[in-house]
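I opened the notebook with the model on screen. These entries record what I looked up and what came back.

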Amino acid sequence: MGRSTPLSSLFGKSPFKPLQQHMRQVVGCANEIPNIFAALNAGDDNKIKEIKTRIDDLEIAADDTKDQLRAHLPKSMFMPVDRRDLLELLSLQDVISGVAQNISSLISDRKMEIPVGMGDPLIELSRSSANVCDKAAEIIESLDELVEMGFSGRESVRVLGMVDELGKLEKENSVKSSELIRNLFAQEEKINPVSVMLWYQMINWVGDLSESSAKVGDRLRLLLAR
């Protein structure tokens, strides 16, 4: 019996296996963001550190998956999609974990205080963003079925419908983000200027989670259009 090569071990029966694994890991980071905001709102520093550690561990695992995929994806390998498209999807997914780590690091490293009246809306925004990430992950999990159907037919129509829904969720999330930023600026005279700047960045980062997920869907739409 021949020995399993790193390539066969990484890809198994599906060329998208490592891409899907990577997406699960980065979305795992995003799903911790509502938890860390809830811990911040409750003033639970120990919980914040615990959640940050989980995010860091997931991000490290995602980076390892990303590096393995890039290292073991030869240019000559037959793929149902262009190699560059696969790597582009990987890069778009990678942004999600990076943003999640930025959020957790700022919350953990600096004593942040949520502005008055923004605790619950901030947690809700982060949950909404995480939901968008989950929807993008669901689409990535459909890649195997798309390959089986030759990127056409009913499965293609179903996935395009999911991409449309993903875009709709991202737009709804963007509205929530804008409302929260207006809330922040409405009370900026009562808040330290540095804190205003940091919370503005934080809210935008939370929005970036859903925006990056929507870009994953948009990239898949381009693949299906070819």
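By about how much of a helical turn are R54 and E50 separated in helix α4? I looked at this pair before anything else. R54 and E50 are separated by about one helical turn, because they sit four residues apart in helix α4 (residues 45-71).

**Ground rules.** I am working on a predicted model, where local features need pLDDT of at least 70, side-chain atom pairs count only at pLDDT 80 or more, and totals for chains, interfaces and linings use all residues. Residues are numbered from 1 along each chain as its sequence is written, and side-chain values use heavy atoms, with hydrogens and water left out.

**Entry: the whole chain.** I counted nine helices and zero strands in the protein chain. Helices here are DSSP runs of H or I with at least four residues, strands are E runs of at least two, and both are numbered from the N terminus. Along the sequence the pattern reads α-α-α-α-α-α-α-α-α. Of the 226 residues in the protein chain, 48% are buried. Buried means under 20% relative accessible area, exposed means over 50%, and partly exposed lies in between (1.4 Å probe, protein chains only). I then took the surface: the protein chain exposes about 11600 Å², and carbon and sulfur atoms supply 50% of that. These areas come from the Shrake-Rupley method with a 1.4 Å probe; for residues, only the protein chains shown count as cover. Next came contacts, meaning heavy atoms within 4.5 Å. Among those between residues at least 6 apart in sequence, 80% join residues at least 24 apart.

**Entry: salt bridges.** I searched the whole structure and got 15 salt bridges. The criterion is a side-chain nitrogen of Lys or Arg within 4 Å of a carboxyl oxygen of Asp or Glu. Side chains of opposite charge can pair when their charged atoms come close.

I went back to R54 and E50. Their salt bridge has its closest N and O atoms 2.9 Å apart. R54 is partly exposed at 30% relative accessible area. E50 is also partly exposed, at 38%.

I stayed in helix α4 for D56 and K52. These two are four residues apart, about one turn of the helix. Their closest N and O atoms are 2.7 Å apart in a salt bridge. Is D56 buried or exposed? D56 is buried, with a relative accessible area of 18%. K52 counts as buried too, at 16%.

I moved to helix α8 (residues 153-186), where R158 and E155 are three residues apart and thus separated by about one helical turn. Their side chains meet in a salt bridge of 2.6 Å, N to O. R158 counts as partly exposed at 39% relative accessibility, whereas E155 counts as buried at 13%. I also traced shared partners: salt bridges join E32, K47, E50 and R54 into one network.

**Entry: K66.** I found K66 in helix α4. Its relative accessible area is 10%, so K66 is buried. A polar contact of 3.2 Å joins its side chain to that of D63. A polar contact is a pair of N or O atoms within 3.5 Å; within protein, one must be able to donate a hydrogen and the other to accept it, and residues adjacent in sequence count only if both atoms are side-chain atoms. Beyond its neighbours within four places in sequence, K66 is in contact with H22, L90 and D94.

Entry: S128 lies in helix α6 (residues 119-140). S128 is buried at 10% relative accessible area. Leaving aside neighbours within four places in sequence, S128 is in contact with N173 and K176. S128 and L209 are 81 residues apart in sequence, yet 9.7 Å apart in space, C-alpha to C-alpha.

S177 sits in helix α8. At 8% relative accessibility, S177 counts as buried. With neighbours within four places set aside, S177 is in contact with L125 and I203.

**Entry: helix α9.** What span should the 33 residues of helix α9 have? At 1.5 Å a residue, helix α9 (residues 193-225) should span 48 Å, and its end C-alpha atoms are 47 Å apart, which agrees. The expected span is 1.5 Å times one less than the number of residues. I also checked for a bend: α9 bends by about 25 degrees at D208. That is the angle between axes fitted to the seven residues ending there and the seven starting there. At the start of α9, a side-chain oxygen of N192 reaches to within 2.8 Å of the backbone nitrogen of V194.
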